[in-house]
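Keep the structure open beside you as you read, and look up each residue when it is named.

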Amino acid sequence: MQKKSFFQQLWVKILLTFFILIFLILGAAWFIGQRWNRQIQWQLRSYIQEMSDSLYTLRYADMDLNPITGSLSLEKVSLIRDEKVYKQLQEQQKAPKLIYSFTADRISLSYFRVWRYFMKKELSAGSLSFDNPVVLLEYNTTNKDTTAPKNAYQNISSKIKSLSLGTLRLDHTNLKYTVIKPDSGLVMTHLEDMRIQVKDFLIDSVALEDPSRFLYARNYEFGLKEYRYRTPDSLYWMHVKDVEYSAGEQTLRIGQFAVEPRYARAQFDIKAKTQRDRFDVHLNDIELTDLQPRLLLEQQVIWARKLTINSANLDIYHNRKLPDGPGNKLGGYPNQMFKRLAVPIYIDTLIGKKTDLLYTEISPKSDEAGKLSFKHVHGTFRNVTNIDSMIAKNGHITADLNAILMNSGKLKAHFDFSMVDSSGAFAVSGQLKNMDGRELNPVLKPLGMVEVKSCQIEDLTFSMQGNERRASGEVKFLYNNLKVNILKKEDGTHEFKKKGLMSFLANALVIKDANPDGGETRLAHPKFERDITKSFFNLVWKTLFTGIKETALGENSPI
């Protein structure tokens, strides 16, 4: 009984001692936590004001630090810019071009090594997360900052030796980005419900030079469900859907990029007032591979090995009944416009697959719509760049295209655009084989008032060179059994009527019904002066059509 009583007393003392130790530890932790809580609150505000020259102030409703679990949380957080200080910095030419502010419902720091922070001045944590952050960025191009630039480590080194985070997460981010242009105009971008994740983030004396990192991290991942933008002329919506970017994988994926008119065709013509192309474009399942993250994140340069568009639909509409637009289209060739892009781009290979293109044009003569279709277009573009150093190595963007023309003809074409010649120099060559000429009637009848009664196109081979003023080349058009009807439009109807006498005379006296004919193959060498109010593709088509017309009708045809 005495032994049992002894052991009972011993266990009571052990348990009592244990509970006292737990109480002392918890009490000490609470005391230290309260003390460190006050220190961190003071230091956070102090750091931000000192490092920003009092430009920014941190505010929050509550802070909670638990040194045992290593958790730190801030409630109802905001980083606010002091407008008075900002104006003073502008006057002193010390204001940064990029300024920002943000709010968040909650900021949580997990696995925070509190002892290391206070003893060694090293801020290390497992994760930092922002709940429902709203980020406002403003890039003011008119600001002049004459202060010596500092990197992130130079900014924090007087207070903290290093900053290390396993994961940084911003979920459901609302980002508003405003650019103030030199003329004080504004360009505003609004991205909603973004997901941003940064992995293995480190700022210390050597992290910036670490080749396995970019902007101090091992990887950046961005996700965006949808972005919608209205063009400045208010005629289009631009949509980007299902965007995923991984800097570690060097891959950007986009579910869909679309340019959609805000108005139906008739209303679009009213809004446009003058002739212009109406585009309805959908590019699907886009993937940009080997996208260089350092250049993208640090210099905003798009540099990638390959861009693939796995399917697309392009619907282009043009109403020639409207008056011509003011001015001209000089300087508007594809290579000229690409050279002027503000964003530097280098893409070694661009591949477009399974693309359908429909061009519709309203004729002022017939008041009807002509339609030209290209199905199953597959294209490969190479050396897509506007960067001067890359242009010096190779000054040409090339494109090879294959398609089915009007559901019948097999078409292939090669384009060569000069990025060196300021006049927009280009070259085009191609071939169309095995097509029933009657398939072209949906475009020839409304636009040319001509109907192909019969024609078997065996081979149409062409090549041309030109610039923004003119083009010339060679056309070999091989065909047989060409017969046409000359048409007129019945007033008040959508019907075309054959001009019997003119059709007979054209077929009997003007049209050459075959090539080769009598063992002789006719070659055309067309030359065409560009109408500078018309597009690049209009010049290519007019030059090609001139060669076809010379072959089938002769150089001085009355038709």
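## A ring pair to start with

Phe201 has a relative accessibility of 16%, so this residue counts as buried, the cut-off being under 20%. Please keep in mind that the model is a predicted one. Tyr216 is buried too, with a relative accessibility of 9%.

In this model, the count of aromatic pairs comes to 17. Phe201 and Tyr216 make up one of them: their ring centres are 6.3 Å apart and their planes meet at 65°, so the pair is edge-to-face. Where do Phe201 and Tyr216 lie? Phe201 belongs to strand S8, while Tyr216 is in the loop between S8 and strand S9 (217–230), so the pair ties together parts that are 15 residues apart in sequence.

## A second pair and a cluster of rings

Now turn to Tyr333 and Phe426. At 0% relative accessible area, Tyr333 is buried, and Phe426 counts as buried with a relative accessibility of 4%. Tyr333 and Phe426 form an aromatic pair, with 5.9 Å from centre to centre and 70° between the planes, and this pair is edge-to-face. Tyr333 sits in the loop between strand S13 (302–319) and helix H7 (334–339), and Phe426 sits in strand S18 (residues 426–436), so the pair ties together parts that are 93 residues apart in sequence.

Which residues do ring pairs link into a cluster with Tyr333 and Phe426? The cluster also holds Phe415, Phe417, Phe536 and Phe537.

## Charges over rings

Arg81 lies over the face of Tyr86, with 5.0 Å to the ring centre.

## The second largest pocket

Next comes a pocket. The second largest pocket has a volume of about 160 Å³. Its lining is made up of 13 residues, and those nearest the pocket centre are Leu136, Leu137, Lys176, Tyr177 and Thr178. Which elements give two or more residues to this lining? They are strand S4 (98–110), strand S6 (134–140), strand S7 (162–180) and strand S8 (186–203).

Sorted by class, the lining of the second largest pocket has six nonpolar residues, four polar ones and three charged ones.

## Two polar contacts

Strand S6 also holds Asn140. This residue is buried, with a relative accessible area of 5%. The side chains of Asn140 and Thr142 are joined by a polar contact of 2.4 Å.

Is Ser46 buried or exposed? Ser46 counts as buried, with a relative accessibility of 13%. The side chain of Ser46 makes a polar contact of 2.9 Å with the side chain of Glu50.

## Backbone features worth a look

Most residues other than glycine have a negative phi, and most peptide bonds are trans.

Ser54 is in the loop between H1 and strand S1 (56–59), and its phi is positive, near 65°. With 36% relative accessibility, Ser54 counts as partly exposed. Met406 has a positive phi as well, near 50°. Met406 lies in the loop between strand S16 (396–405) and strand S17 (409–418), and counts as buried at 6% relative accessibility. Pro516 lies in the loop between helix H10 (500–510) and strand S22 (527–529).

## Distance in sequence and in space

Finish with Thr398, which lies in strand S16. Thr398 counts as buried, with a relative accessibility of 17%. How far apart are Thr398 and Met238 in sequence and in space? They are 160 residues apart in sequence, and their C-alpha atoms are 27 Å apart in space.

How values were computed: Residues are numbered from 1 along each chain as its sequence is written. This is a predicted model: local features need pLDDT of at least 70, side-chain atom pairs count only at pLDDT 80 or more; totals for chains, interfaces and linings use all residues. Side-chain values use heavy atoms; hydrogens and water are left out. Buried means under 20% relative accessible area, exposed over 50%, partly exposed in between (1.4 Å probe, protein chains only). A polar contact is a pair of N or O atoms within 3.5 Å; within protein, one must be able to donate a hydrogen and the other to accept it, and residues adjacent in sequence count only if both atoms are side-chain atoms. On a 1 Å grid over the protein atoms alone, a cavity is a set of points where a 1.4 Å probe fits but cannot get out, and a pocket is an open set with protein on both sides within 12 Å along at least five of seven lines; lining residues have an atom within 4 Å of a point. Grid points are joined across faces, edges and corners, and a volume is the space filled by probe spheres set on the points. Helices (H or I, at least four residues) and strands (E, at least two) are DSSP runs, numbered from the N terminus. Ala, Val, Leu, Ile, Met, Phe, Trp, Tyr, Cys and Pro count as nonpolar, Asp, Glu, Lys and Arg as charged, and the others, Gly among them, as polar. Rings of Phe, Tyr and Trp (its six-membered ring) pair if their centres lie within 6.5 Å; planes under 30 degrees apart count as stacked, over 60 as edge-to-face and the rest as tilted. A charge sits over a ring if NZ of Lys or CZ of Arg is within 6 Å of the ring centre and within 35 degrees of the ring normal.
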